[in-house]
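Thanks for asking me to look this one over. Here are my notes, as numbered points, with the cut-offs given as the terms come up.

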Amino acid sequence: LTSLDANQNFTFQRDPAATDVTLTVEVSPDLSVWESGSQYSFSQGDTPTNQWTTQLSRQLDLATDIEQITVQITPPNLPNAFIRLRASQP
């Protein structure tokens, strides 16, 4: 489940028990070139904030053990901003 609100806040869910997957938020001004933003990986560690995205919140649901993470596109001056979540194996 992912969502993007009017403030360019992108929310997605992550299973911390999935140790064989890396989730990377990617940002593009044109759908051609994608820049890596926040990254979440058991094996490589987390990078919650960089020049492209800033982590705003990260909450663990104790009933489901699923995290809900919200990041914001950092460069506010992008005329067009596209965002996606890439899942890969490290």
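**Notes on the model**

1. Let me begin with Thr-11, which is found in strand E2 (strands, E, are DSSP runs of at least two residues and helices, H or I, of at least four, numbered from the N terminus). At 16% relative accessibility, Thr-11 counts as buried (buried means under 20% relative accessible area, exposed over 50%, and partly exposed in between, with a 1.4 Å probe and protein chains only). Its side chain makes a polar contact with the side chain of Thr-70, at 2.9 Å. A polar contact here is a pair of N or O atoms within 3.5 Å; within protein, one must be able to donate a hydrogen and the other to accept it, and residues adjacent in sequence count only if both atoms are side-chain atoms.

2. A word on the basis of these values. This is a predicted model, where local features need pLDDT of at least 70 and side-chain atom pairs count only at pLDDT 80 or more, while totals for chains, interfaces and linings use all residues. Residues are numbered from 1 along each chain as its sequence is written, and side-chain values use heavy atoms, with hydrogens and water left out.

3. Now the overall fold. The protein has seven strands and zero helices, giving the pattern β-β-β-β-β-β-β along the sequence. The radius of gyration is 13 Å, close to the 12 Å that the globule rule gives for 90 residues, so the protein is as compact as a globular protein of that length. That radius is taken over C-alpha atoms, and the globule rule is 2.2 Å times the number of residues to the power 0.38. Along its principal axes, the C-alpha trace spans about 40 × 25 × 20 Å.

4. The accessible surface comes to about 5300 Å², and carbon and sulfur atoms account for 49% of that (Shrake-Rupley method with a 1.4 Å probe; for residues, only the protein chains shown count as cover). Among contacts between residues at least 6 apart in sequence, 49% join residues at least 24 apart, where contact means heavy atoms within 4.5 Å.

5. Which residues touch the most other members of the largest nonpolar core? They are Phe-10, Phe-12, Val-25, Val-27, Val-71, Ile-73 and Ile-83, out of 13 residues in that core. The elements that give two or more residues to this core are strand E2 (9–14), strand E3 (22–28) and strand E6 (66–73). A nonpolar core is a set of buried Ala, Val, Leu, Ile, Met, Phe, Trp, Tyr and Cys residues joined through side-chain atoms within 4.5 Å. Not counting residues up to four places away in sequence, Val-27 touches Val-33, Trp-34, Glu-35, Trp-52, Thr-53, Ile-73, Leu-78, Phe-82 and Ile-83.

6. Placed in strand E3, Ser-28 is buried, with a relative accessible area of 0%. Its side chain reaches the backbone nitrogen of Leu-31 at 2.7 Å and the backbone oxygen of Val-33 at 2.7 Å. Leaving aside neighbours within four places in sequence, Ser-28 is in contact with Val-33, Trp-34, Asn-80, Ala-81 and Phe-82.

7. Is Ser-32 buried or exposed? Ser-32 is exposed, with a relative accessible area of 60%, and its place is in the loop between E3 and strand E4 (35–41). The C-alpha atoms of Ser-32 and Ile-69 are separated by 25 Å, the two residues being 37 apart along the chain.

8. Finally, the charged pairs. The structure holds five salt bridges (a side-chain nitrogen of Lys or Arg within 4 Å of a carboxyl oxygen of Asp or Glu). One of them joins Glu-26 and Arg-86, with the closest N and O atoms 2.6 Å apart. Glu-26 lies in strand E3 and Arg-86 in strand E7 (residues 82–88), so the pair ties together parts that are 60 residues apart in sequence. Glu-26 is buried at 5% relative accessible area, whereas Arg-86 is partly exposed at 34%.

9. Arg-58 takes part in salt bridges with Asp-46, at 2.8 Å between the closest N and O atoms, and with Glu-67, at 3.1 Å, N to O. Arg-58 is partly exposed, with a relative accessible area of 30%; Asp-46 also counts as partly exposed, at 33%, and Glu-67 as buried, at 11%. Arg-14, Asp-46, Arg-58 and Glu-67 are linked in a network of salt bridges.
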